[in-house]
Amino acid sequence: PKVTLIDDATLPGYYGSNGMDDEGHRTQRNVLIENGVLKGYLCDRYYGSLIGMKSCGCGRRQNYTYAPAARMSNTFLAPGTDREEDIIASVEEGLFVKSIGGGTGGAQFTLNVSEGYWIEKGKITYPVSGVMLTGSGIDVIKRVDMVGDRLEGEGGSFCGAASGLVPTTAFQPMVRISQ
């Protein structure tokens, strides 16, 4: 219930922002999950027509040599109501992940922790290295039990898929994952 996931290509100044997708549709704010309930999908013209949905302005491609496909733009977890200091203080023993660099996303993920710290008795104690996070995205979403009240964007990157590389931004507030 703490998870609200949004993809919004209309955010000014973000790397994945655009006024129009590569199929000629206006981009929009798409709420994908709201309070833990699936509310929508990213649909391009072709696949949207197969499932009876309209395009939501996310048909994107690297250039004209690729067919457009439904792709993320600026995807983020909406801020919650928990204070960051309360989230850290609530952890008896665990890992604080400050940044992730590299890996694979999707239903099953493997992500390299590029900056992480160990938490003991609600205090950040020492840096850790050589940590790789693996798991199931669905399982992790179900275990989010605290969401920070502060949201900061990041510089942006590229997402690669069948329709090439497209500029994206992905960010979130601090979260606590119970396991």
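How many bridges join strand 1 (residues 5-8) to strand 6 (residues 74-77), and do the two run parallel or antiparallel? Select both: three bridges join them, and they run antiparallel. Strands here are DSSP runs of E with at least two residues, numbered from the N terminus, while helices are runs of H or I with at least four.

Before you click further, note that this is a predicted model, where local features need pLDDT of at least 70, side-chain atom pairs count only at pLDDT 80 or more, and totals for chains, interfaces and linings use all residues. Residues are numbered from 1 along each chain as its sequence is written, and side-chain values use heavy atoms, with hydrogens and water left out.

**Stop 1: the sheet**

Keep Ile 33 selected and look towards strand 3, where its bridge partner is Leu 38.

Zoom out and you get six strands in an open sheet, ordered 3-2-1-6-13-12, with mixed pairing. At the edges sit strand 3 (37-38) and strand 12 (157-161), each pairing on one side only.

**Stop 2: the aromatic rings**

Next, show the Phe, Tyr and Trp rings (for Trp, the six-membered one): they pair if their centres lie within 6.5 Å, with planes under 30 degrees apart called stacked, over 60 edge-to-face and the rest tilted. That rule gives five aromatic pairs.

Select Tyr 15 and Phe 158: this pair is edge-to-face, at 5.5 Å centre to centre and 80 degrees between the planes. Tyr 15 is in the loop between strand 1 and strand 2 and Phe 158 is in strand 12, 143 residues apart. Tyr 15 is partly exposed at 38% relative accessibility, as is Phe 158 at 48%. (Buried is under 20% relative accessible area, exposed over 50%, partly exposed in between, using a 1.4 Å probe and protein chains only.)

Then try Phe 76 and Phe 171, a stacked pair with 5.1 Å between centres and 10 degrees between planes. Phe 76 belongs to strand 6 and Phe 171 to strand 13 (residues 164-171), 95 residues apart. Phe 76 is buried at 6%, and Phe 171 is buried at 9%.

Notes:
Two strands pair if DSSP finds at least two bridges between them.
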